[in-house]
Amino acid sequence: MKNAALASSSLFTDVRATANRYAALLQLCCPQGPKSYSLARSVHAHMITSGFRPRGHILNRLIDIYCKSRNIAYARHLFDAIPKPDIVARTTLISAYSVEGSLKLARELFDGTPVSVRDTVSYNAMITGYSHNGDGHSAVKLFSDMRCDCLRPDNFTLTSVLSALVLIVDDELQCQQFHCTVVKSGLESVVSVLNALISLYVKCAGFSSSLMNSARRLFDAMPEKDELSWTTMITGYVKRGDLDAARKLFDGMTEKLEVAWNAMISGYVHHGFTLEALEMFKRMRSEGIQFDEFTYTSILSACANAGLFRHGKQVHAYILRTEAKPAPDFSLPVNNALVTLYWKNGKVDQARRVFDRMLERDLVSWNAILSGYVNSGRIDEAKILFEEMPGRNLLTWTVMISGFAQNGLGEEGLRLFNRMRIEGIEPCDYAFTGAIIACAGLGALEHGRQLHALLVRFGYDSSLSAGNALMTMYARCGAVEAAHHVFLTMPYMDSVSWNAMIAALGQHGHGAQALELFDRMLKEGILPDRITFLTVLSACSHAGLVKQGCAYFESMDRIYGISPGEDHYARLIDLLCRAGKFSEAKNVIETMPFQPGAPVWEALLAGCRIHGNMDLGIQAAERLFELMPKHDGTYILLSNMYANMGQWGNAAEVRKLMRDRGVKKEPGCSWIEVGSKVHVFLVDDTMHPEVQEVYRYLEKLGLEMRKLGYIPDTKYVLHDVESEHKEYALSTHSEKLAVAFGLLKLPRGATVRVLKNLRICGDCHTAFKFMSKVVEREIVVRDGKRFHHFRDGECSCGNYW
Ligand SMILES: [Zn+2]
Ligand SMILES: [Zn+2]
């Protein structure tokens with residue numbers, strides 16, 4: 001005790017020497033890092049125990065060390081104990097706050113500094129703070145305050161303020177003004193200042209290409225260029241899509257800079273030049289230039305998007321071979337790119353293996369694997385993953401909602417959309433799109449309308465994806481006028497919008513209007529694509545416009561250079577068969593440039609059924625039995641054809657064949673939306689709570705219909721699509737129950753809209769024609785193939801389905 005007191009008193013007597021010793025010790029802590037910080041802390045501890053009170057530059061040094069070791073609170077504590085802190089201490093803290101992103105605290109300290117003591121360094125600290133934290137306006141404002149205070153900017157000031165200006169610049173004039181400032185400051189040959197100036201010109205070059213030339217002149221005149229100069233210039237060209245100029249500059253580089261290679265590769269990838277990117281990647285390897293995470297993520301996403309799976313796998317193998325112990329900031333983005341590569345190429349299980357092996361995952365990783373499951377239709381696994389996720393963002397919700405909608409799980413999609421809102425997440429237009437598509441699948445028109453209203457309230461009514469989805473929804477729910485209204489009021493349209501509207505008109509039997517719209521599309525200079533021709537051919541087929549359809553088919557290749565695919569041929573066959581032109585149809589099948597597949601034979605079989613062309617129908621059915629022996633539709637169509645011709649024996653044989661092969665019929669069901677609730681009916685339903693009332697109503701309606709000449713068609717009743725066990729009993733089909741329920745429950749005069757999973761049967765089709773006349777209401781039925789609008793005793797399909 002005595003010794004210690006002595007020691008400290010002797011230290012105290014020679015304060016100057018002690019201060020020098022401490023200063024020297026702190027000087028040793030100069031290299032940054034945890035080791036020197038802990039050394040500095042023990043020096044400070046020694047000062048406290050020995051009673052030495054640091055002042056002046058020693059205290060400033062300590063504040064600096066605490067700031068750099070991220071203990072700003074303690075640094076502030078030291079600072080607050082100083083009666084009159086000098087500008088060095090103030091600037092140290094301002095910089096520390098800025099780095100941390102606490103701009104408010106930094107600014108308070110800056111404003112508390114008397115104007116007389118402010119210097120260029122303190123201004124620089126504050127301007128850099130704004131610039132690094134993305135607040136360009138405040139940085140530029142402070143720069144002009146600085147000049148009012150008559151302080152000369154140095155190269156740090158100019159570099160910072162120019163980088164800040166890059167964030168906010170929106171006109172050419174600002175570029176030129178700052179260029180003048182740089183020239184006046186006499187710092188126009190400092191590399192960092194020039195780099196910042198070039199980057200300012202490059203940013204502005206979005207508005208005019210002459211600015212790009214100004215940037216290039218500055219670049220060419222630079223006495224020395226560093227890595228940043230090259231990459232700024234190359235990236236500038238890449239961003240403008242001028243890949244040739246970028247490449248020329250790149251090829252003229254004297255030394256091969258890794259970043260410049262990456263800029264070039266990512267430019268190629270971004271603009272879809274996958275092969276060029278791969279070629280650069282190979283050259284990089286042969287020239288021995290180090291790859292980093294940016295190189296790998298660019299090249300992997302190129303492979304993922306272009307479907308170059310083999311290349312991508314090779315890159316993966318190379319990474320495994322060469323990167324023995326990758327750092328986390330390398331492996332996270334690279335693994336995310338790998339997960340995407342695998343799922344986009346349909347290899348979800350491999351994607352999952354990469355995902356499972358990742359030591360660290362972020363939202364990007366989770367969303368990637370989720371998208372993988374959703375896109376391959378593995379919804380159950382996606383659902384589990386969704387619940388397991390540690391966090392979710394808008395993309396997560398949207399992927400899952402659309403996933404449900406596109407896989408026929410509309411109800412779950414809508415439930416998730418509601419849950420999203422309950423959890424306080426504001427849906428984006430893509431989430432709305434998913435929910436609207438869910439309504440389209442369910443035929444939930446009322447719900448779809450509510451979503452439409454909500455969409456407008458959220459201000460997404462000009463969204464392209466949502467607009468296209470709304471059109472599809474209204475059309476699929478049978479409200480073709482509403483679809484048309486959306487089409488007319490959409491501010492932006494793409495070919496998807498036109499296709500959707502043409503399809504809507506075609507499906508609802510407005511063939512002529514569909515073709516008119518197609519003409520308008522051509523006149524407005526929008527190029528038709530493969531889908532457009534599918535919808536146009538369908539429209540011709542639904543409306544029986546054979547000659548026009550054939551002409552359009554022929555024009556595809558001749559005028560638009562689109563070679564017809566199998567689905568186009570199937571539509572052509574459908575079109576020809578509808579008109580009973582079987583020899584033409586046969587001729588098309590024989591001269592097709594490829595082997596006809598199931599869609600072509602299905603179209604032929606359907607046509608043969610309508611026209612009772614037994615011979616050709618059997619041929620088509622036999623091909624279909626070979627191609628898809630488990631498909632129930634073929635057996636049912638063929639057996640119905642036999643039944644139609646009164647060939648009961650053959651019909652029974654087809655049925656037996658079906659049973660022998662273990663082919664299960666998809667049970668028929670129909671559904672209708674009443675009061676925002678979807679009601680489902682099965683054949684001879686007994687489950688629906690109000691079904692007895694429906695049967696009674698149907699009986700009453702039947703009497704009225706018979707008075708107008710309706711005779712139940714027993715052929716269909718005997719060998720129908722639905723009644724497995726009741727072949728000889730009169731059964732009531734699901735669509736009849738749903739329509740009757742709608743007539744009972746919907747407001748007077750309202751259109752009845754029913755959806756059925758399978759093709760509508762002949763008897764129901766006839767019955768609905770009579771019903772529409774008896775009740776004087778429109779009945780719309782969407783079956784597995786098309787729409788039927790029954791109005792005043794007629795159907796829009798013209799009895800062809
Ligand atoms: Zn029926
Ligand atoms: Zn019809």
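Student: Which residue is the bridge partner of Cys 669 in β2?

Tutor: Leu 682 is the partner of Cys 669. This is a predicted model, so everything here is computed from predicted coordinates.

Student: How many bridges join β1 to β2, and do they run parallel or antiparallel?

Tutor: Strand β1, residues 669–674, is joined to β2 by 6 bridges, and the two run antiparallel.

Student: What is the strand order of the sheet?

Tutor: The order is β2-β1-β3-β4-β5-β6 in an open sheet of 6 strands, and the pairing is mixed. The edge positions go to β2 (677–682) and β6 (794–795); each has a single partner strand, so one side of each has no neighbour in the sheet.

Student: What does helix α43 lie across?

Tutor: Helix α43, residues 762–775, lies across β4 (779–782), β5 (787–791) and β6. Its angle to β5 is about 35 degrees.

Student: Where is Asp 792?

Tutor: Asp 792 sits in the loop between β5 and β6. Its phi is positive, about 50 degrees, although the residue is not a glycine. Most residues other than glycine have a negative phi.

Student: Is Asp 792 buried or exposed?

Tutor: Asp 792 counts as exposed, because it has 10 C-beta neighbours inside 10 Å. The cut-off for exposed is 12 or fewer.

Student: Changing topic. What about the phi of Cys 150?

Tutor: Cys 150 is not a glycine, yet its phi is positive at about 60 degrees. The residue is in the loop between α9 (136–148) and α10 (155–168). Cys 150 has 6 C-beta neighbours inside 10 Å and therefore counts as exposed.

Student: Now helices. How many residues of α34 are buried?

Tutor: In α34, 11 of the 13 residues are buried, so the helix is largely enclosed by the rest of the structure. The buried residues include Arg 571, Asp 574 and Arg 578, along with Leu 572, Ile 573 and Leu 575.

Student: What covers them?

Tutor: The cover over the buried residues of α34 includes α32 (530–543), α33 (546–560), α35 (582–591) and α36 (598–611).

Student: How far does α34 reach from its first C-alpha to its last?

Tutor: Helix α34, residues 566–578, reaches 18 Å, close to the 18 Å expected at 1.5 Å a residue. Gly 580 follows the helix, with a positive phi near 75 degrees.

Student: Which residues of α7 are buried?

Tutor: In helix α7, residues 103–111, the buried ones are Ala 106, Leu 109 and Phe 110. They cover an arc of only 100 degrees around the axis, which puts them on the same side of α7. An α-helix has 3.6 residues a turn, so residues three or four places apart point the same way.

Student: And which are exposed on the other side of α7?

Tutor: Lys 104, Glu 108 and Asp 111 are exposed there. The buried residues of α7 pack against α6 (87–100) and α8 (120–132).

Student: Last topic, the chain overall. How many helices and strands are there?

Tutor: The chain has 43 helices and 6 strands.

Student: What is the radius of gyration, against that of a compact globule?

Tutor: The chain has 37 Å, whereas a compact globule of 801 residues would have a radius of gyration near 28 Å. The C-alpha trace spans about 125 × 60 × 55 Å along its principal axes.

Student: And what percentage of the residues count as buried?

Tutor: Of the 801 residues, 45% count as buried. As for contacts between residues at least 6 apart in sequence, 62% join residues at least 24 apart.

How values were computed. Residues numbered from 1 in each chain as written. Chains lettered and ligands numbered in written order. Predicted model: local features only at pLDDT ≥ 70, side-chain atom pairs only at ≥ 80, totals over all residues. Helix = DSSP H or I, 4+ residues; strand = E, 2+ residues; numbered from the N terminus. Rg over C-alpha atoms; globule rule 2.2 N^0.38 Å. Buried ≥ 20, exposed ≤ 12 C-beta atoms within 10 Å, placed from the backbone. Contact = placed C-beta atoms within 7 Å. Expected span 1.5 Å × (residues − 1). Pairing = 2+ DSSP bridges. Axes fitted to C-alpha atoms, helices over the stretch in contact; angles between N-to-C directions. Arc of directions from axis to C-beta.
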